[in-house]
Amino acid sequence: MPYRTKEELETHIQQLKNQPISTQVLVCAGLGCLAKGAETVYQRFRELTEINHLQVKVNKSDDHHPSLVGTGCMGLCESGPLVRIEPKGILYLRVKLEDVDRIVDQTLKNGNVVEDLIYQEKTDHEVRKWPLMKDIPFYRKQIKIVLRNCGNIDPEKLDDYLKRDGYLALAKVVTTMSPDDVIGEILKSGLRGRGGGGFPTGRKWQFARLAKTDKKYMICNGDEGDPGAFMDRSVMEGDPHTVIEGMAIAGYAIGAQEGYIYVRAEYPLAVKRLKKAILDARDAGFLGSNLFGSSFSFDLKIKEGAGAFVCGEETALIASIEGKRGMPNPRPPFPANKGLWGYPTVINNVETLANVPAIILNGASWFRSFGTVTSPGTKTFALSGKIRNTGLAEVPMGITLRELIFDVGGGIQNDRKFKAVQIGGPSGGCLTEQHLSLTVDYDSLCAAGAIMGSGGLVTMDEETCIVELARYFLHFTQNESCGKCVPCREGTKHMLNILQKIVDGRAKTEDLDLLIETAQVVRDASLCGLGKTAPNPVLTTLRYFKDEYLDHVLNQVCVAHVCQAMKQYRIDPEKCRACGKCARVCPVKCISGRPKVPYVIDQELCIKCGSCFETCPFDAVMVNWRSKNHE
Amino acid sequence: MVEMDNHELTLSRQFEKVNTILENYNRSASNLISILQEIQADYRYLPEEILTYVATALGVSPAYVYGVATFYAQFSLKPKGKHIIRVCDGTACHVRGSINVLKAVKEQLGLKENEDTTTDLLFTVETVACIGACALAPTMMIDEEVYGMLNDEKTREIIDGMIEKNKGGMVNAVQD
């Protein structure tokens, strides 16, 4: 049933809100929890509530009794599958199939908390427990604007979204605001592009609005390619309607009637949920012609990417939608003037668009009450690597890195020592302990040589080799370089070669100078963002971890014990029984010996394959890591 | 002779499918990527004669189609296995040891370092930059199913399970 007026929608939302609040079981159906068996937990809840006559009507949000909801990501992915009991707000972690019975018995029937499933932290003296989600340290410092619905609604049910004032912002915009009002509000809010660049969203819209053409396009960039980032995936999977609503509002503001959501091929669940959401929105009259009885028409299509990191760049993304190789073009002309098929086009990131409905409904000054003056609002981060609370978090801009990593993230796994944090993915930079008091906003990160990026935050402990990590990132960007411009195509290749030499222990000190020089050329001369930022991980690690590079080059030492070339296999003459097994498996025949005499490995020839180590029946082969004082 | 006929029959049947896909996308070159995606979903790779056919049908040069097909990582010009195993080598997985997962997968399938598809065409192993399940690192995806928190042992178990499930499977798959 399409909603023809704003009033019809408001009445329906009021009806939804008037329903009595009842007990709800929310099972996280984010990718992380699904992979850990959330589906079977969900099914078990369904069976048990039926057997126990708890009058659950599964998959119907209009029912007045305890109901069961499969939601989007709740954030604490490390501890999944997550189950939340509302309205109390009890959060259960690592719920296994056999735990469901206890939750039904103790919590749903009797209102008690199942103690061993709640969040706890063990210190030397005590065990602290937090039964309620809002009290858990991971959630306490978070403010949810982008993720306001993620983990609270069933992403596949339109009514769930509507109940939380869904599409009201669109109705407000179309019926009571002019396109210039909308742009004015977004400008006032100070919203900046969350894809990494940080360009003011309102300004982008203004450029496209001013262009006088009969056709314009609105594109949502869901090509989240940074390894270690999954914020946009979580929003598209957990709250697809907010993306659609944000796009329709943007379309209205710039005067576009058509839009594309470009999603990467590796996100099949996001594609599935967006497709369903688009169909539902069309049926309800939120997409299509003459929305809310106005003259504004807008519709959306999904374009699936085919696996190319560079397509996250605006002009490359446009080329890809046009069915071409996804190679960037020089700017200007900017897409806002000349974009898809030559028409003015605005491209916004998923997270940027998810902010839009909230800003329209609550106003620019409300939005500005979060974050800092130059970077208002919040930022979502995908916390991963060696951090304790791996998952998805949304924090106000201006929070310090220390708060983000240690309070929200819970510090380093297994109480190891913090070494570095990579912020902004392969285009970002590596920051160290001295930066922990740095505030997280566009400008201060830039000053430190990193970038906000899309929000991947990979934490590393002392077991991560910084040089090998830089090599890893370069390997990634080199692989993803589209090959159009020489500095990026050739430069990244040479940088990778040098880094490989360092990791293999074959480099000389001059190589480090050459590496810096090449990095600067690639940064300054590349055509698009991929090449301009590719040297960042190398330049920042060289700046902050020069010693580790020198260790590799001068002493063949890898303090993290990662680089295979820096280790040595030796045979313990005491343990060796001269059986000769190691010599037979050695692929380069560098082990020699005679019966009754301990065997010896020729270090010059050894390729450190480890075959002898695995084969020796007497554990006589030892691994030695070279250290600075030794040799 | 009979074999020839069969071959020709298969070919024409193949093109029939391609024709339907082309029609669904209005024979428009701007939909080339979507067209290739659907063809690959059907054939599990992009056969050369079909690429040429698509080029003619869309009115662009074969080089153009070939250019697009080789640009994107998703497309393969070699036959792929029935099941695609994507080992994630994103940053989060990398620092948590994805290389060992890849090693375990390949060993368990009996693949050498430079091979990616099993000779029975049941499995293809790929690495991907990130599947976005970083919280579960290291991870892999078998078809559309995600497996997380892998270690050597768990990986081998999962692969063994897949091999077991597909025993004698290729015969059936061919008959399908």
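**Notebook: first look**

I started with burial: 60% of the 631 residues of chain A count as buried. I'm keeping in mind that this is a predicted model.

Next I checked the overall build. I found 25 helices and 19 strands in chain A. The C-alpha atoms fill a box of roughly 90 × 65 × 40 Å along the principal axes. I then asked what radius of gyration chain A has.

I get an accessible surface of about 24900 Å² for chain A, and carbon and sulfur atoms hold 50% of that. For charges, I have 79 positive and 75 negative ones in chain A, and their mean positions are 2 Å apart.

Last, the rings. How many aromatic pairs are there over all chains? The count comes to 19. I picked out Phe309(A) and Phe476(A): their ring centres are 4.8 Å apart and their planes sit at 70°, so I noted the pair as edge-to-face, the cut-off being over 60 degrees. This pair links distant parts of the chain, 167 residues apart. Phe309(A) is in the loop between strand S9 (299-304) and helix H13 (314-321), while Phe476(A) is in helix H18 (residues 466-480). Both Phe309(A) and Phe476(A) are buried.

I also noted a cluster linked by ring pairs: Tyr3(A), Tyr161(A), Tyr167(A), Phe286(A) and Phe292(A).

Conventions:
Residues are numbered from 1 along each chain as its sequence is written. Chains are lettered from A and ligands numbered from 1 in the order in which they are written. This is a predicted model: local features need pLDDT of at least 70, side-chain atom pairs count only at pLDDT 80 or more; totals for chains, interfaces and linings use all residues. Side-chain values use heavy atoms; hydrogens and water are left out. Helices (H or I, at least four residues) and strands (E, at least two) are DSSP runs, numbered from the N terminus. The radius of gyration is taken over C-alpha atoms; the globule rule is 2.2 Å times the number of residues to the power 0.38. Buried means under 20% relative accessible area, exposed over 50%, partly exposed in between (1.4 Å probe, protein chains only). Accessible areas come from the Shrake-Rupley method with a 1.4 Å probe; for residues, only the protein chains shown count as cover. Lys and Arg count as positive and Asp and Glu as negative; His and the chain ends are not counted. The place of a charge is taken as NZ of Lys, CZ of Arg, CG of Asp or CD of Glu. Rings of Phe, Tyr and Trp (its six-membered ring) pair if their centres lie within 6.5 Å; planes under 30 degrees apart count as stacked, over 60 as edge-to-face and the rest as tilted.
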